[in-house]
Amino acid sequence: MNYLLRKLGFYAVAFWAALTLNFVIPRLLPGDPVDILLAKLSQRGAVVTPETRKAYATLLGGDTDASLPSQYVTYLANIFKGDLGTSISYFPAPVTEVIGASMPWTMALIGIATVIAALLGVLLGALVGWKPGTWLDSMVPATTLLAAVPYFWLSLVLVYVLSRVLNLFPAQGGYDVVLDPGWNTEFIGSALYYGFLPALTIVLASIGGWLLGMRNMMVSTLSEDYVLTARAKGLPARWVLRDYAARNAVLPSVAGFAISLAFVVSGSVVTEQVFSYPGIGSRLLAAVTNNDYALMQGVFLFITLAVLGANLVVDLLYGLIDPRTRAR
Amino acid sequence: MTDTQSVPAAGATGAPAPAPAPRPAPAWRALLPTMTPWLATGLTLVLGICLFGLVGPLLVGDPDAIRDVGLQPPSGELWLGTTQTGQDVLAQLAHATRGSLQIGFLVGVLATVLSAFFGIYGAYVGGAADEAFSLLTNVFLVIPGLPLVIVISGFVPRESRGLWTIAVVLALTSWAASARVLRAQTLSVRNREYVAASKLAGERSWRVIVVEILPNLLPVLASQFVFAVIAAVLGEAGLSFLGLGASGSATLGTMLFYAQNGFALPLGAWWWFAPPGLLIALLGTGLSLVNFSIDEIVNPKLKNVRLHRRRTRTAARAARKEHR
């Protein structure tokens, strides 16, 4: 219970920090986002009233009437009401609506790809670490290379080879545009088909980290006394591998999930751009190029919220599989 | 694979020489990594790419010179072909490598300094400062870095987005993981007797940190620096690829940005987009391989595992030979 409270407290602080960063960044940096935004807004045919101006000033700074602390309070209140302003690149849709439409795509893509990469990487890492010094060790430099490849470059190469030369997969988009989005087999099949290349990119680029981490832990776990004991008892090698070595070696990989996820999220933002995937990464970049500051901040907040949520879930799972963390 | 691993290493590891009464290796030797094939590969890659970035730009022609032969595949005259506007890809690659190395090094130094401050100082002082620093570190660790960098770059107007701005932003978002590692190491060094003795002798805290603690952390710092350089080169490439990098800079990321926007992919100009990414990947691989060797200094257990494995292999081979 204490562990749960501590974790919840930490993630609450982390989310508050992200909210505050979001508040501080536009106020600290040069440029006048509110004027740029309002100019664009009136170009789209919106009526800019003093109220609109005030609403954006609370979000982005430049409000001269209110003091900074009171701006901060209004900003937090607006966020908790779910009011993130109006997007200009998707005018007149509110920011929350744009995010709501693109978030499921990214969550499905990153979620599925990360789970596959983690499972495969840990499994392969356990096998490679189990027999150090054999040919399997030659996978280490190969995976080091994979881990150092930039995500977006890997997707360029995959598109070139699998889509342009071999013509196996579509190079762009998230689904066949003739279909209407909906929960039917045809559409889901098309989404899976279009999502294969982006997912393959993420799996290939992130599997190296999992594999290397697991392998190194496996190698040092194998020199532990309890593994020697298990072997001396004459247990089948498979049991020793699964129940004695791998079980303990996997803990740091799970504990390091936060770092891995941060890398994957960063990488997939750029990957989505290459594939014009209808996810949140493309929205973020479209927002940046269109000076759509409200959408930019909203997307950043939602990405952070999703990452924090995933980390919280993994942390709670970690508390379950490693009793030592709860005892502290 | 097993052979390539053991044979060249045998000469360099300082294995007991046949000479009578070998002198014990000097103490500083323990701070240098053992030469293994992996380290040799890594160093070759890193030094080769650094040399290419330093000397290459002097040897190649003007990277921006436009020719009337656009999108030429590699040939004897232009080794890596030309871009859409007929610029020499090899010349661009040399200049871009220099740019990427420059920003990688800059960010590496900045991020290491930041992580050293938050990791070492916090752990040394302890108490509330440590709690606060470690909370800050953990918060920065879970907030996704690249989206934050993108948001910051989005707010900075294009004309004021210089090399230093990008370097500082990248450093600010990438120091946290190293700080956590350094904190853990400092906590274990802090409570040793010689540190306590130095404190009792009335040394000021900066002197205790710099003279007593820091030398023990040098290998960790080195490995974190190498990691920071890899992360910086990758991060900068991603940012520049999105067109959000430092304005007027030429890095491997901007090369990929121009390749993507010049339709290198639909036109099938692989020689335009493949080399920059491959260079990034090779640089990253080289640095990681160097880091494996530094890790052996940080954690001597790893070295013992490797030496033990080699002994087992040699024994197994000898047994096989006898058997025949």
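Across the interface of chain B and chain A, zero salt bridges are found by the rule applied. The model is a predicted one. The two chains, B and A, bury about 4,700 Å² between them, and 82% of this area lies on carbon and sulfur atoms. Chain B contributes 52 residues to the contact, and chain A contributes 57 residues.

One helix pair spans the two chains. Helix α13 of chain A (residues 293-321) packs with helix α5 of chain B (residues 145-155) at an angle of about 165°, and their axes are 10 Å apart. Because angles over 145 degrees count as roughly antiparallel, α13(A) and α5(B) are roughly antiparallel to each other. Their crossing is left-handed. From α13(A), the contact is made by A:Y293, A:M296, A:Q297, A:F300 and A:I303, and from α5(B) by B:P147, B:L148, B:V151, B:G154 and B:F155. Eight of the residues in this contact of α13(A) with α5(B) are nonpolar, two are polar and none is charged.

A further helix pair lies within chain B. The axes of helix α2 (residues 37-59) and helix α3 (residues 89-125) of chain B come within 8 Å and cross at roughly 125°, which makes α2(B) oblique to α3(B). The crossing in which α2(B) passes α3(B) is left-handed. On α2(B), the contact involves B:I49, B:C50, B:F52, B:G53, B:L54, B:G56, B:P57 and B:L58; on α3(B), the residues are B:L90, B:L93, B:A94, B:H95, B:T97, B:R98 and B:L101. The contact of α2(B) with α3(B) comprises 10 nonpolar residues, four polar and one charged.

Methods
Residues numbered from 1 in each chain as written. Chains lettered and ligands numbered in written order. Predicted model: local features only at pLDDT ≥ 70, side-chain atom pairs only at ≥ 80, totals over all residues. Heavy atoms only, no water. Axes fitted to C-alpha atoms, helices over the stretch in contact; angles between N-to-C directions. Helix = DSSP H or I, 4+ residues; strand = E, 2+ residues; numbered from the N terminus. Parallel < 35°, antiparallel > 145°, perpendicular 65-115°, else oblique. Left-handed = near helix turned anticlockwise from the far one by under 90°. Contact = heavy atoms within 4.5 Å. Nonpolar A, V, L, I, M, F, W, Y, C, P; charged D, E, K, R; others polar. Buried area = accessible area lost by both parts, 1.4 Å probe. Salt bridge = Lys/Arg side-chain N within 4 Å of Asp/Glu carboxyl O.
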